[in-house]
Amino acid sequence: MRSRPLRRHLRVFGRVLALNIGMTFVYRGDFLLMQIGTLLTPLVSLAVWQAALTAGAQVNVTPAFLNSYFLLVAVVNMLTSSWTAFFLAGMIRNGDLNKWLIRPTSVHLDGFANNLGEKTIKLLLLVPLVLIMVVVVPGGLPLPATPARWLLFGLAIAVAMAISYIFDIARGSLAFWFEDVQGFNLAISIMTPVLAGVIVPLALMPPEISGITLWQPFRFMVSFPMEVLLDRVPGGLAFGFAQQLGWLLVFAAAALLIWRRGLRSYSAVGA
C-alpha cells in the first residue's frame, strides 16, 4: 500500500519533468546565451590568474589545477544552482500557492522538476562550449582518470544540488511573513559566487580567512565537488563529506520548520 503514493508521485514527477523540458526547448536560444554568460566569468578569472602566474605570483596551486578548476566550475555551478526561491516567494505573495495546496502532490516536486528539466537542456548547451574552451585554452583540461574519483564527484554534486534547492525553499518560504524577500535573495546571489568558489577558488583565499571559508555552507554548493574531483579536500574526503551532509541536514531541518510554520500563518486570496 505504501508503494502506491510513491508510484503516483514518481508518475507525476515524470510528467512534470517532461513538461518542463519541453518548455525549456522553446527558449533554447535564450538558454544558449545564458550558458555563454555562465562560462565567461570563470574564463576571465582563469585569464587573470594565468597572467598573475606569468608575472611571477606565488600561489599554492598548480597551473593544471587552475585550468581544470575554471574550465569545469561553470558546469558544476550550473548543475548545483537553484532558482526556486524567487518563484516560490512569488506564489506565496500572489496566492498561486493555493492551487498546489489542494493538489495531491507538492509544489516542491514541481520546483525540483523545473530545476532538473532546465539543467538537462543547459548541460546539453554548456558541455560543447566547455569542450571548445578545452581546445582553445593553453594546457587543456588535466583530469583524474580513476572511476572512483568521478563517482565521488557525482555524489558531491548530488548533495550540493540538494543543499542549494532546500536552501532556496527556506529563503522562498520567508515570503509567508515578509512582503518582499527579493532584497535578501539578491544579497545571497551576490555573496554566493564568492563564498562558493565560483569567482576565486577557496584554495586561493588568504590564510587569515581560510578557516571560515572552509566551514561556511556555500563552499559545499560548488567548491567542494571541485575539490573532490581535483583531490584537494582539506581534512580528507571523509571529513569533507561529513561536513557536506551536516549542512544538508541543517538546511533540511530549517526549511521544514519554516515551511510548516509558514503554512499555518498563510493567508492569501482564496486560502
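What follows is a working chat about a predicted model of this protein.

Reader: What average pLDDT does the protein have?

Author: The protein averages 85. Of the residues, 93% score at least 70.

Reader: Which element has the lowest mean pLDDT, and which the highest?

Author: Helix H1, residues 3-26, has the lowest, at 69. Helix H11, residues 237-265, has the highest, at 95.

Reader: OK, the core. Which residues touch the most other members of the largest nonpolar core?

Author: Leu-66, Ile-92 and Leu-97 do. That core has 63 residues.

Reader: Which elements give two or more residues to this core?

Author: Helices H2 (28-54), H3 (63-80), H4 (84-94), H6, H7 (147-173), H10 (223-229) and H11. H3 gives the most, with twelve residues.

Reader: And what is Leu-66 in contact with, leaving aside neighbours within four places in sequence?

Author: Leu-46, Trp-49, Leu-53, Val-61 and Leu-204.

Reader: New topic: the largest pocket. What volume does it have?

Author: About 770 Å³. It is lined by 30 residues. Closest to its centre are Asn-77, Ser-81, Ser-82, Trp-83 and Ser-189.

Reader: Which elements give two or more residues to that lining?

Author: H2, H3, H4, H6, H7 and helix H8, which spans 182-195. H8 gives the most, with seven residues.

Reader: And cavities. How many are there of 30 Å³ or more?

Author: The count comes to one. The largest cavity holds about 30 Å³ of space.

Reader: Which residues line the largest cavity?

Author: Phe-112, Asn-115, Leu-116, Lys-119, Met-161 and Tyr-165. H6 and H7 are the elements that give two or more residues to its lining. The largest share comes from H6, with four residues.

Reader: Take Asn-115 from that list. Is Asn-115 buried or exposed?

Author: Asn-115 lies in helix H6. It counts as buried because its relative accessibility is 3%, and buried means under 20%.

Reader: Which side chains make polar contacts with the side chain of Asn-115?

Author: Ser-82 is one, through a polar contact of 3.3 Å between the side chains. Thr-84 is another, with a side-chain contact of 3.1 Å.

Reader: What does Asn-115 touch, not counting residues up to four places away in sequence?

Author: Ser-81, Ser-82, Trp-83, Thr-84 and Tyr-165. Ser-81, Ser-82 and Trp-83 are also among the residues closest to the centre of the largest pocket. Tyr-165 also lines the largest cavity.

Reader: Back to Phe-112. Why does it count as partly exposed?

Author: Phe-112 has 33% relative accessibility, so it falls in the partly exposed class. That class sits between the buried limit of 20% and the exposed limit of 50%. Phe-112 lies in H6, which covers residues 107-136.

Reader: How are Phe-112 and Glu-208 placed, along the chain and by C-alpha atoms?

Author: They are 96 residues apart along the chain. Their C-alpha atoms are separated by 38 Å.

Reader: Thr-80 next. Where is it, and buried or exposed?

Author: Thr-80 is in helix H3. At 1% relative accessibility, Thr-80 counts as buried.

Reader: What does the side chain of Thr-80 have 2.9 Å away?

Author: The backbone oxygen of Val-76 lies at that distance from a polar atom of the Thr-80 side chain.

Reader: Which residues does Thr-80 touch beyond four places in sequence?

Author: Lys-119, Ile-157, Ala-160, Met-161, Ser-164, Met-221 and Val-222. Lys-119 and Met-161 also line the largest cavity.

Reader: And Arg-171? Buried or exposed?

Author: Arg-171 is buried, with a relative accessible area of 9%. Its place is in helix H7.

Reader: Which side chain does the side chain of Arg-171 make a polar contact with?

Author: Asn-185, at 2.9 Å. Leaving aside neighbours within four places in sequence, Arg-171 is in contact with Ala-85, Val-181, Phe-184, Asn-185 and Ile-188.

Reader: Last one, Asp-231. What is its phi?

Author: Phi is near 60°, a positive value in a residue other than glycine. Asp-231 lies in the loop between H10 and H11.

Reader: Buried or exposed?

Author: Asp-231 counts as exposed, at 54% relative accessibility.

Conventions: Residues are numbered from 1 along each chain as its sequence is written. This is a predicted model: local features need pLDDT of at least 70, side-chain atom pairs count only at pLDDT 80 or more; totals for chains, interfaces and linings use all residues. Side-chain values use heavy atoms; hydrogens and water are left out. pLDDT is the predictor's confidence in each residue, from 0 to 100. Buried means under 20% relative accessible area, exposed over 50%, partly exposed in between (1.4 Å probe, protein chains only). A nonpolar core is a set of buried Ala, Val, Leu, Ile, Met, Phe, Trp, Tyr and Cys residues joined through side-chain atoms within 4.5 Å. Contact means heavy atoms within 4.5 Å. A polar contact is a pair of N or O atoms within 3.5 Å; within protein, one must be able to donate a hydrogen and the other to accept it, and residues adjacent in sequence count only if both atoms are side-chain atoms. On a 1 Å grid over the protein atoms alone, a cavity is a set of points where a 1.4 Å probe fits but cannot get out, and a pocket is an open set with protein on both sides within 12 Å along at least five of seven lines; lining residues have an atom within 4 Å of a point. Grid points are joined across faces, edges and corners, and a volume is the space filled by probe spheres set on the points.
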